[in-house]
Amino acid sequence: MKLPGQDAMARRADEHVVSTRVMLPRRVTHGPARQVGKRLLMALLVLAATVLIVWLDRAGYNDNADGTVDLLDAVYYATVTLSTTGYGDITPYSAGARLINVVLVTPLRVMFLIILVGTTLEVLTERTREDFRLKRWRANLRDHTVIVGFGTKGRSAIQTLCATGLPKEQIVIVDPASKVIEAANAEGFTGVLGDATRSDVLLRAELQKARQIIIATQRDDTAVLVALTARQLNRGAKIVAAVREEENAPLLRQSGADAVITSSGAAGRLLGLSVLSPSAGTVMEDLIQQGSGLDLIERPVIKAEVGKSVRETEDLVVSVLRGHRLLGYDDPAASPLQLTDRVITIVRASPPSGSGPSGPHLPHLPPHRS
């Protein structure tokens, strides 16, 4: 089996992956530097307000050193008071000064402490919130799609799935590069950081409950190992994998893949078709790009179509899937259509934002399982 060039799934040198973890999409928050700066500014404002209060009421305070309180003494008193140190060398002795300490300085001291420990409390709260979100995510996730590899092929596959109506919450991305997972989170996808050839990593992606698995690695040997591991964990899921070399496709099918796409071969055939007929190449590229122009979809036969010929359907039928047999539109056995058949048709893509009568031509349909 040929091993192509360096692959992101095998790259470790510059990523230093030390653990496997699930990374849910994060809510938009301010950067750490901005949050720390905001807290520091609030603490300084509280300190300045306390200094001002003590300075204005300095006549009601006594300094054991010289008996008077100047501006430096006010700053000193405010600092040690807000930090709860309180050495007692400067004390309020008048009734007014003590009342102000109770009404103003004490709340400011509490506020100052809240600001100082706010970062720690926020970290603890965020960790608790993330644990709760992760448990809820695991409990609600089922019949989802697992994408192994978030490179060019993986992104294109996700775009096609989303164009057919699959929500982002039903997609889980597995990749060993932390920067790749962070990019996936930024786009609203859940990511699992780790090597997909390991069963514990795929279990974190809840692969045992997945409906379909897309293997979009850059190396064929990695794809084979992922397919073997995935098929052991989930016997019923549909596995689609991409390989670089045509000669590796049979090995990937033996490893458990239901469909294997040869990326280099498919690109080469599209190039050849475009040379022979640029228009035909354009139409073919339009067909494989969901959500615009013409779409190639698979759907079940509806009751109104049962007993009809493939040419009598409203959509343009190109193939009929009957059991495990794929029949061409011109195959005499394809007609009449049966209720258990599934048809592969060409339809006009509707605007993605449409709904109701002007919405998508067909809803998102579950894939066929052999």
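Predicted model: local features only at pLDDT ≥ 70, side-chain atom pairs only at ≥ 80, totals over all residues.

Me: How many helices and strands are in the protein chain?

Reply: The protein chain has 10 helices and 13 strands. Helices (H or I, at least four residues) and strands (E, at least two) are DSSP runs, numbered from the N terminus.

Me: And what percentage of the residues is buried?

Reply: Of the 370 residues in the protein chain, 38% are buried. Buried means under 20% relative accessible area, exposed over 50%, and partly exposed in between, with a 1.4 Å probe and protein chains only.

Me: What share of the contacts comes from residues 24 or more positions apart?

Reply: Counting contacts with a separation of 6 or more, 66% are between residues 24 or more positions apart. Contact here means heavy atoms within 4.5 Å.

Me: OK, cores. Which residues have the most contacts inside the largest one?

Reply: V146, V174, V192, I213, I215 and L252 do, in a nonpolar core of 29 residues. The term covers buried Ala, Val, Leu, Ile, Met, Phe, Trp, Tyr and Cys residues joined through side-chain atoms within 4.5 Å.

Me: Which elements give two or more residues to it?

Reply: The strands are β4 (145-148), β5 (171-175), β7 (212-215) and β8 (238-243), and the helices are α6 (199-204), α7 (220-233) and α8 (249-254). Helix α7 provides the largest share, 5 residues. Another core, of 14 residues, lies apart from that one, and M23, A157, I173 and F189 are among its members.

Me: Back to I213. What is it in contact with?

Reply: Leaving aside neighbours within four places in sequence, I213 is in contact with V146, L207, A230, A237, K238, I239 and V240.

Me: New topic, rings. How many aromatic pairs does a search of the whole structure find?

Reply: The search finds 1. Rings of Phe, Tyr and Trp (its six-membered ring) pair if their centres lie within 6.5 Å; planes under 30 degrees apart count as stacked, over 60 as edge-to-face and the rest as tilted.

Me: Which charged residues lie over ring faces?

Reply: R58 lies over the face of W55, 3.8 Å from the ring centre, and K168 lies over the face of F189, at 5.4 Å from the ring centre. The cut-offs are NZ of Lys or CZ of Arg within 6 Å of the ring centre and within 35 degrees of the ring normal.

Me: Now the open sheet. What order do its 4 strands take?

Reply: The order is β10-β13-β11-β12, with antiparallel pairing. Two strands pair if DSSP finds at least two bridges between them. At the edges are β10 (294-300) and β12 (325-328), each pairing on one side only.

Me: How many bridges join β11 to β13?

Reply: There are 5 between β11 (residues 316-322) and β13 (residues 342-348), which run antiparallel. Within that pairing, L316 stands opposite I346 in β13.

Me: And S319, buried or exposed?

Reply: S319 sits in strand β11 and counts as buried because its relative accessibility is 15%. Beyond neighbours within four places in sequence, S319 is in contact with L326, L327, G328, Y329, R342, V343 and I344.

Me: Which residues other than glycine have a positive phi?

Reply: D143 is one, with phi near 55°, and E206 is another, also near 55°. D143 lies in the loop between α3 (95-140) and β4, while E206 lies in the loop between α6 and β7. D143 is partly exposed at 38% relative accessible area, whereas E206 is buried at 7%.

Me: Last one: L72, buried or exposed?

Reply: L72 is in helix α2 (residues 71-82) and counts as exposed because its relative accessible area is 63%. L72 and V51 are 21 residues apart in sequence and 9.3 Å apart in space, C-alpha to C-alpha.

Definitions and conventions. Residues numbered from 1 in each chain as written. Heavy atoms only, no water.
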